[in-house]
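Open the model in your viewer and keep the selection panel at hand. Each stop says what to pick and what is there.

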Amino acid sequence: MSSLLYRLGRTTAAHPWRTICAWVVVLVGVLAFASSAGGTFQDDWDVPGAEGQAGLDVLREHMPEAGGASALVSAHDREGDPLASAELDRLAERLRDVPHVIAVTPPRVSDDGDTALLALRYDVPVTHADVMGALEPLEQAVDEAALDGVDVDFGGEVPGSAMEMSGRGELIGVGVALVLLVLTFGSVIAAGLPIAVALFGLALGSAGVTLLAATTEVSTSAPTVATMVGLGVGIDYALLLVTRFVENLREGQGRVVAAAHATATAGRAVVFAGLTVLVSLMGLGLAGLPTYSAFGLATAIAVFSVMAAALTLVPALCGLAGHRLVPRKVRRGGAASNAGRPTLTARWAARVGARPLPWALAALAVLVALAAPAVGMRTFPQDASADPASFTTRQSYDVVAAEFGPGANGPLTFVADLGTLSEADVAQLRTDVAADPRIVAVGEPTTSPDGAIAVFDAQPAFGPQDERTTDLVTSMRSALLPEGVDLTGSTAVLTDISTMLSERIWIVVGFVVLVSMLLLAMMFRSIVVPVKAAAMNLLSIAAAYGVVTLVFQHGWGSSLLGMDHDVPVSSWVPILMFAILFGLSMDYEVFLLSRIREGWLRTGDARGSVVTGLATSARVISSAAAIMVAVFLGFATESAVTIKMLGVGMAVAVALDATLVRLVLVPATMTMLGRWNWWLPAWLDRRLPHVRPEADPQEPLVEEPVRG
């Protein structure tokens, strides 16, 4: 592989303008194709195999109008006066004229008369929110109703699907990354190069995700997650290559040869680091939800695109910029006085290596302490109660909870098969449900037009996110419901999702860890290195889980993120965080161990190679991690609470990984293990394919003359 990457780097560096023009042509073509043939992003929360999904499928079969999208319109008089029936009738009439609305329920008026609820049913599922126009037709209908002194807010599926990301996360991340890169390289050109390459790759990846949406349903949040990960790893990969190129220049190599050598050495680490990320993302498909597969594919497209950009555009731009990437003070000889002096990281590695056990125990204690709150983590998919207070969905949720009770935001739906039960059985079931003290209201049963099923709703005494509601759903299914009855509705389905994901996460974890360990064993010819890397990655991820639990579930500092109350951890977050973070942590593992192994192969000094490897790679890893943290924290400023959680959790995990893990645990444990780090049984060595993340120092790279 080294010779192939060498030729790639040499060719692109020797012909930079051809490479850049080729990228521009490809990018413009793909963007044009995506704009004409790309799909739209849609949320599909169907859960194959879930109990609540079975009830929804029955509803869609026998009562199609009940299986479409829904919206909830709340009207509240500002002065607390009773609403006029004429105004409510006028509002209902306008709402019936909204495109795709097939039914508007009679207004449900609060006890004091100042609030009314109207439920809307659409003839298309919520995945077609773009066809319905989402909020705009609803807002226009309210304007036409001309309600004086009445606040109207929108809740339910359709308004929730209309919430979009602000995009400020990308801007914050890029801005902070640029500042950090200027401080790292001491050169504006060198700082701008990784960001430019990452943005090029990200543009290609975004077009690819749009094309993916034309073939499968891609969640509206998937592009944001793909951008968050793609931007971070794109800058990291480019940074690694540029750093190696600058090192080669300072050793006296010419710009083309320096770029070729950087691509052959650091580029190989980029390839295998990217491969571990892609493997981790593919593990999302084992979660059992179609939306997770789309998340994984979308993010994988972004990662592959930025990796391709790094391997081709970086050597081209390095060849074009040449010595301008070297800090000005170095070009002028100002750094000569530091020559021969051990670097700060080399001195740090030596200090840790002198007393490895106390350092390792201290770092382990901190990680375990941070991870401890994760034991009490409670997960539940987010609803409108977690939206910012300025959102119409949150305002509607609060009005409904205050006037009708928190359970009105998530009623339970009972679907009875009339081929199995009689009408008397349904009436008895309704009576039994109403007798439960956790139920505050039960609706009248409705029979489907074909007479096959009977349906009625029940309002819990608690909100959808309340853990008592989850217990209510579970206990009713196990002790109350006779055969032929399904308990469904949004709250029941969300409960099923939470349960399913808490069970499936172990399948995802097992797959990702085993495959990643196999890749590391192939790269580094060791059993100890993969096991140790997996254990450390799991520790840093567990610590990130603990911090997310403290911030969002217990409210420690959540107000700084714009949260006005505590919320359970989103059910979507743990699996997404794990798959993404395990791959990103392996990035840093590959970057660091490739340099350590390079020193080990060259000198045979197990302890000395740890010091030299950390000394040569710690600066770039720390810079890359700081940029990644900045990118992730930038996304934590978004309004969607799930994106906030991902941003905070991944920023914490990367920060811990780059400090406690890479600067303390890795040198401490590798120092204690010595030559055992590189132990591999002979029988396994014969069976494992031979690949290396870095060029073998004994394998010379042919420096061919540049022509043309």
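## Whole chain

Of the contacts in the chain between residues at least 6 apart in sequence, 81% join residues at least 24 apart. Keep in mind that the model is predicted.

Show the cartoon. The chain holds 24 helices and 10 strands. Switch to C-alpha atoms: along the principal axes, they fill a box of roughly 85 × 50 × 45 Å. How does the radius of gyration of the chain, with its 708 residues, relate to that of a compact globule? The globule would have a value near 27 Å, and the chain has 29 Å, which agrees. Colour by accessibility next: 56% of the 708 residues count as buried.

## Stop 1: the largest cavity

Turn on cavity display. The whole structure has four cavities of 30 Å³ or more. Go to the largest cavity, which holds about 100 Å³ of space.

Now colour the surrounding elements. Two or more lining residues come from each of α10 (222-250), α11 (255-282), α21 and α22 (606-635). Helix α10 gives the largest share of the lining, four residues.

## Stop 2: aromatic pairs

Show the side chains of the aromatic residues. A search of the whole structure finds eight aromatic pairs. Select Phe578 and Phe582: their ring centres are 5.4 Å apart and their planes stand at 35°, so this pair is tilted. The angle falls between the cut-offs, under 30 degrees for stacked and over 60 for edge-to-face.

Where do the two rings sit along the chain? Phe578 and Phe582 both belong to helix α21 (residues 573-603). They are four residues apart, about one turn of the helix. Phe578 and Phe582 are both buried.

Move on to Tyr292, Phe295 and Trp572. Ring pairs link these three residues into a cluster.

## Stop 3: Thr299

Select Thr299, in helix α12 (residues 290-321). Is Thr299 buried or exposed? Its relative accessible area is 1%, so Thr299 is buried.

Now draw a distance from Thr299 to Val150, C-alpha to C-alpha. Thr299 and Val150 are 44 Å apart in space and 149 residues apart in sequence.

## Stop 4: Leu275

Go to helix α11 and pick Leu275. Leu275 has 34% relative accessibility, so it counts as partly exposed. Draw another C-alpha distance, to Asp566: Leu275 and Asp566 are separated by 37 Å, and lie 291 residues apart along the chain.

## Stop 5: Asp496

Find Asp496 in helix α19. With a relative accessible area of 10%, Asp496 is buried. Which residues does Asp496 touch, not counting those up to four places away in sequence? Select Ala50, Glu51, Gly52 and Arg477.

Asp496 and Gly49 are 447 residues apart in sequence, with their C-alpha atoms 9.6 Å apart in space.

## Stop 6: two positive phi values

Finish with backbone torsions. Select Ala146 in the loop between α6 (135-145) and β5 (150-156). Ala146 is not a glycine, although its phi is positive, about 50°. Ala146 has a relative accessible area of 53%, so Ala146 is exposed.

Then jump to Arg525. Arg525 lies in the loop between α19 (490-524) and α20 (528-553). The phi of Arg525 is near 50°, a positive value in a residue other than glycine. Is Arg525 buried or exposed? The relative accessible area of Arg525 is 8%, so Arg525 is buried.

Technical notes: Residues numbered from 1 in each chain as written. Predicted model: local features only at pLDDT ≥ 70, side-chain atom pairs only at ≥ 80, totals over all residues. Heavy atoms only, no water. Phe/Tyr/Trp six-rings, centres within 6.5 Å; stacked < 30°, edge-to-face > 60°. Buried < 20%, exposed > 50% of the residue type's maximum accessible area, 1.4 Å probe, protein only. 1 Å grid on protein atoms, 1.4 Å probe; cavity = no way out; pocket = protein on both sides within 12 Å on 5 of 7 lines; lining within 4 Å. Points joined across faces, edges and corners; volume = space filled by probe spheres on them. Rg over C-alpha atoms; globule rule 2.2 N^0.38 Å. Contact = heavy atoms within 4.5 Å.
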